[in-house]
Amino acid sequence: MKADVTVIGAGMVGVSTAIALARHGADVVLIDRRAPGRETSFGNAGVIQREGVHPYLFPRSVSKLLAYALNRRTEAHYHLSSLPSVAPFLWRYFRASNAGSARRTYEANIPLFAGCLDAHADLAADAGAEELITKKGWLRVFRADAALRAVAGELAELEGLGLSASRPDADALAKLEPHLKTDRLAGVVHYEDPWTCSDPGALTAAYASLFERLGGHIVERSVSGLRRDGTGWRVETDDGPVSAQAVVLAAGPWSKALLDPLGLKLPMGIKRGYHRHHAPAGNGYLTRTIVDDEHGFVLAPMAPGVRVTSGAEFARHDAPPTPVQLERAMPRARDLFDLGASVDENAWMGARPVFPDMLPVMGEAPGLPGLWLNFGHGHQGFTLGPVAGQLVAAMMTGKTPGFDPSPYRAERFS
Ligand SMILES: Cc1cc2nc3c(=O)[nH]c(=O)nc-3n(C[C@H](O)[C@H](O)[C@H](O)COP(=O)(O)OP(=O)(O)OC[C@H]3O[C@@H](n4cnc5c(N)ncnc54)[C@H](O)[C@@H]3O)c2cc1C
């Protein structure tokens with residue numbers, strides 16, 4: 001097979017990149033070993049986080065570190081047996097979680113997140129998938145006054161960016177979410193701008209169908225490696241090679257495994273996460289996503305039921321699933337909403353691809369001309385896929401990107 005560009009990975013990031021390239025007139029082949037949108041882009045919490053400019057930092061307070069070390073928390077968990085392989089990433093993440101680095105990430109995030117709603121709106125309209133998106137924002141719940149006070153600075157910064165984060169009183173909250181139980185809460189913040197998706201895998205698949213309508217080709221194959229081929233690139237698959245002038249590596253948490261053999265070893269790690277759906281008990285319902293980040297879980301109203309998602313688990317990517325965080329979250333989740341039985345046999349598991357500074361890598365691979373990198377979007381790849389696709393496609397086709405792409409270059413780790 002031959003094309004102008006081969007995109008590896010049909011998650012939200014790869015599909016969006018393939019569309020942006022096709023819209024620039026390129027002949028694009030999109031390769032995935034599964035159907036589009038069946039991995040990380042399938043199982044996330046579905047929030048299109050317009051407000052998500054503040055990075056998730058590794059805790060630096062001694063009391064929190066000790067609590068995490070005991071491994072009984074809901075928001076974070078680790079496998080002792082995986083520590084030797086995940087420790088180098090954790091150490092870099094810890095070091096990058098200082099005020100100066102967090103500020104740089106926040107600033108680099110501002111232009112990225114600014115375009116996320118428009119970029120999704122554009123794709124959803126062309127894909128005929130607007131009914132999968134709800135535009136009501138999400139609610140962040142706080143159980144302690146101190147935690148609520150601690151986010152005042154962040155909320156003021158969001159306001160400075162023109163975003164709305166209101167503090168509904170009991171009456172307003174009862175109108176927004178009549179079945180949310182608020183008796184144990186110190187307060188709630190309503191982030192009004194973000195959108196939510198009732199089926200993230202279906203939205204990714206709908207965008208993939210749009211790509212095909214634009215003339216793109218999707219092939220279901222497993223990629224085993226890539227190598228230079230004259231002035232272009234050859235992607236080796238289980239069903240023969242695909243040759244192209246350029247390749248975009250957008251394989252989410254698997255990207256590092258495909259890149260390392262080329263000699264470019266970037267410090268990407270993963271944060272595993274889980275979900276399980278529950279039927280509401282009785283006639284209760286939620287219309288918005290509820291986030292309890294003190295306990296690291298999310299309640300997201302989705303097509304199969306209320307999706308309960310977990311916080312971060314640090315373990316080898318291929319280690320057996322251990323959804324203990326979901327079990328720990330359930331009593332806390334039931335404090336907020338009457339959940340019935342799970343409708344899933346097993347918990348779903350995925351992995352957020354993350355860099356220590358919580359910024360993705362987007363741009364041409366240093367020393368490997370024609371190989372473009374678009375991965376590591378961490379907690380917000382579902383949000384950022386369409387913007388990331390536009391940015392990388394603009395750079396690849398010699399167009400001026402809408403904003404400075406230099407903060408996302410792989411060279412920042414050299
Ligand atoms: C529990 C949880 C909750 C989350 N909540 C949110 C949220 O609310 N909002 C948000 O914005 N983000 C959220 N995220 C993060 C988001 O889901 C990810 O950042 C995003 O899905 C990454 O997209 P991607 O396209 O890079 O990767 P993926 O969706 O994983 O796509 C990568 C693709 O590459 C393919 N691939 C890999 N290797 C090969 C190979 N060798 N050959 C062929 N194909 C290959 C895979 O099959 C896969 O389809 C969450 C993540 C988790 C785990």
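## Strands S14 and S17 and their surroundings

Strand S14 (residues 269–280) and S17 run antiparallel and are joined by 4 bridges. Strands here are DSSP runs of type E with at least two residues, helices are H or I runs of at least four, and both are numbered from the N terminus. Two strands pair if DSSP finds at least two bridges between them. This is a predicted model: local features need pLDDT of at least 70, side-chain atom pairs count only at pLDDT 80 or more, and totals for chains, interfaces and linings use all residues. Residues are numbered from 1 along each chain as its sequence is written.

**Strand S17.** A buried residue has 20 or more other C-beta atoms within 10 Å of its own; exposed means 12 or fewer, partly exposed lies in between, and C-beta atoms are placed from the backbone. Thr-309 in S17 stands opposite His-275. S17 also pairs with strand S16 (residues 297–302), in the antiparallel sense and over 5 bridges. There, Val-306 in S17 is the bridge partner of Pro-301. A hairpin of 2 residues joins S16 to S17.

**Strand S14.** Of the 12 residues of S14, 9 are buried, so the strand is largely enclosed by the rest of the structure. S14 pairs with strand S20 (residues 348–354) in the antiparallel sense. In that pairing, Ile-270 stands opposite Pro-353 in S20. Strand S19 (residues 339–342) runs antiparallel to S14 too. His-278 stands opposite Ser-342 in S19.

| Strand pair | Bridges |
|---|---|
| S14 and S17 | 4 bridges |
| S16 and S17 | 5 bridges |
| S14 and S20 | 7 bridges |
| S14 and S19 | 2 bridges |
| S3 and S9 | 2 bridges |

Strands of a sheet pair through backbone hydrogen bonds, either parallel or antiparallel. S3 is joined to strand S9 (residues 195–197) by 2 bridges. Val-47 has Thr-196 in S9 as its bridge partner.

**A helix pair.** Two packed helices are described by the angle between their axes and the distance between the axes. Helix H1 (residues 12–23) packs against helix H10 (residues 200–213) at an angle of about 25 degrees, with the axes 9 Å apart. That makes H1 roughly parallel to H10. The axes are lines fitted to C-alpha atoms over the stretch in contact, and angles run from 0 to 180 degrees between N-to-C directions. Angles under 35 degrees count as roughly parallel, over 145 as roughly antiparallel, 65 to 115 as roughly perpendicular and the rest as oblique. Residues of H1 that meet H10 include Met-12, Val-15 and Ile-19. On the H10 side, Tyr-207, Leu-210 and Phe-211 are among them. Contact means C-beta atoms, placed from the backbone, within 7 Å.

**The whole protein.** The protein has 13 helices and 22 strands. Buried residues make up 46% of its 414 residues. The C-alpha trace spans about 65 × 45 × 45 Å along its principal axes. Among contacts between residues at least 6 apart in sequence, 78% join residues at least 24 apart.

Notes
Contact = placed C-beta atoms within 7 Å.
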